[in-house]
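Try each task before reading its solution.

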Amino acid sequence: MKILGIESSCDETAAAVVEDGRIILSNIVSTQIEKHKIFGGVVPEIASRLHAESITFVVREALEKADCTLSDIDAIAVTYAPGLIGALLVGVNFAKGLSFSSGIPLVPVHHLRSHIAANYITHSDLKPPFLCLVVSGGNTLLVNVEDYTKFNVIGRTRDDAAGEALDKAARTMGLPYPGGVNLDKEARGGDINAYTFPKPRVDDNPLDFSFSGLKTSVINTIHNAKQKGGEISVKDLGASFLNAVVSSLESHTEKAIVQQNSKTLVLAGGVSANSMLRQRMTELAEKHNVKIYFPELSLCGDNAAMVAAQGYYEFMTGKRADMSLNAAATMPITEQM
C-alpha cells in the first residue's frame, strides 16, 4: 500500500511516498532555513508564502522519484495539527484539493504522532508498546505508545519545550538559526560544569518538565556578564546549558522507565538528533537493560515520510477526513479528528 505524505507545519515543505508504513520510495524536503536565518527564527507569514510556492513542486517530485502516478496512491496523508496555522493550512488545503480531484482517500495526521512513526521507517523490527520521549521545538512529552494509534501521555512540559529553550539560549549566545543544531555543534568539547543552572522540578507530577527557568537563567547569565564587562565562553556555556536540559530529560525518562517497567525506549522529534542527548539516553538504556531506538538523523526533523508512515497506520484503523478538514495550531497527541 502506497501513501503520499504531505508536511507543512513549520519551515519545511515536504512530500513523500511510503509503502506499507515502513519503506521510503521518495522523500522530498524543501527547506526554508536560509530565508528565515536573517530574522533569527521562523517568520510565520513568510513560511506560509514559501509553502504555497513550493508545495506543487515537492508533491510532483515525490511522485516522480517514487516512479508513481496518483493512480498508484492508496491514500493521501497530511499534517493538520499542531503547528503554525497558516503553514498548516497550505498543506491541508492542497491535500484536500488533491483528494477531491482524484477521489483518493484523505487521512489527517497529528504531527507528533508522525515524529514517533519516523522510527518505524528506521527500525523495521520496532512495534508498540513502548515508552517514547518526544522532544521538539514546540513540544516535550513522555508518552506510552500502546498501539500505532493509541497514546497515553504520562509527562509533559508545563511551559517551554526543550527545543524552544535550546533555540532561545543559542540565539542569546549569538549563534545562528537554527539555534539548537548550532548549539549542539558549538558545545562539543565544552566544559559541562563551567556554569551552574537550576534543576527544574514540578512537584505534583515528577514526570512533567519545566524549561522556562533554565531559559531565563542562561539569558540572565549572559546579560549579567555583559553588564559587568565580563567574557562568556560560548562553548562552555553552551555545553553547561545543554547538559542542564539533557539532565532534566534524562532524569524524567529514567523515572518513567522505572515507574512503567518499560522494556523499550524510543526517542522522537527534532531534538532527538542532539548528540549529547543520544549518548546519555543510550547510557541510560544500558543501565536499565532497555532497548533503545532513535530515528535516522535525516528523519529527526520535519519530513513527509514520517507523515506517510503514520498515515498508513491511521488509514488501516479507518481514519478518513472529508472536505471539512481544518488545521489546528494546538492539539494533544491523544486527540485525532
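**Exercise 1: Burial around one tyrosine**

Y120 has a relative accessibility of 0%, so Y120 counts as buried. Keep in mind that this is a predicted model.

Task: Decide whether F130 is buried or exposed.

Solution: Start from the relative accessible area of F130, which is 4%. Buried means under 20%, so F130 is buried.

**Exercise 2: Two ring pairs**

Task: Classify the ring pairs that Y120 makes with F130 and with Y313.

Solution: 
1. The whole structure holds 7 aromatic pairs. For Y120 and F130, the ring centres are 6.3 Å apart and the planes meet at 65°. Planes over 60 degrees apart count as edge-to-face, so this pair is edge-to-face.
2. Now place these two residues: Y120 sits in helix α4 (residues 111-122) and F130 in strand β6 (residues 130-135), 10 residues apart.
3. For Y120 and Y313, the centres are 5.5 Å apart with planes at 70°, so this pair is edge-to-face too.
4. Because Y120 belongs to helix α4 and Y313 to helix α10 (residues 305-316), the pair ties together parts 193 residues apart in sequence.
5. Y313 has 10% relative accessibility and so counts as buried.
6. Finally, ring pairs join Y120, F130, Y148, Y312 and Y313 in a cluster.

**Exercise 3: A pocket**

Task: Describe the space and the lining of the second largest pocket.

Solution: Begin with the space, about 380 Å³. Next, find the centre: of the 20 lining residues, P198, K199, P200, A244 and S247 are the closest to it. Last, sort the lining by class: 8 residues are nonpolar, 8 polar and 4 charged.

Technical notes. Residues are numbered from 1 along each chain as its sequence is written. This is a predicted model: local features need pLDDT of at least 70, side-chain atom pairs count only at pLDDT 80 or more; totals for chains, interfaces and linings use all residues. Side-chain values use heavy atoms; hydrogens and water are left out. On a 1 Å grid over the protein atoms alone, a cavity is a set of points where a 1.4 Å probe fits but cannot get out, and a pocket is an open set with protein on both sides within 12 Å along at least five of seven lines; lining residues have an atom within 4 Å of a point. Grid points are joined across faces, edges and corners, and a volume is the space filled by probe spheres set on the points. Ala, Val, Leu, Ile, Met, Phe, Trp, Tyr, Cys and Pro count as nonpolar, Asp, Glu, Lys and Arg as charged, and the others, Gly among them, as polar. Rings of Phe, Tyr and Trp (its six-membered ring) pair if their centres lie within 6.5 Å; planes under 30 degrees apart count as stacked, over 60 as edge-to-face and the rest as tilted. Helices (H or I, at least four residues) and strands (E, at least two) are DSSP runs, numbered from the N terminus. Buried means under 20% relative accessible area, exposed over 50%, partly exposed in between (1.4 Å probe, protein chains only).
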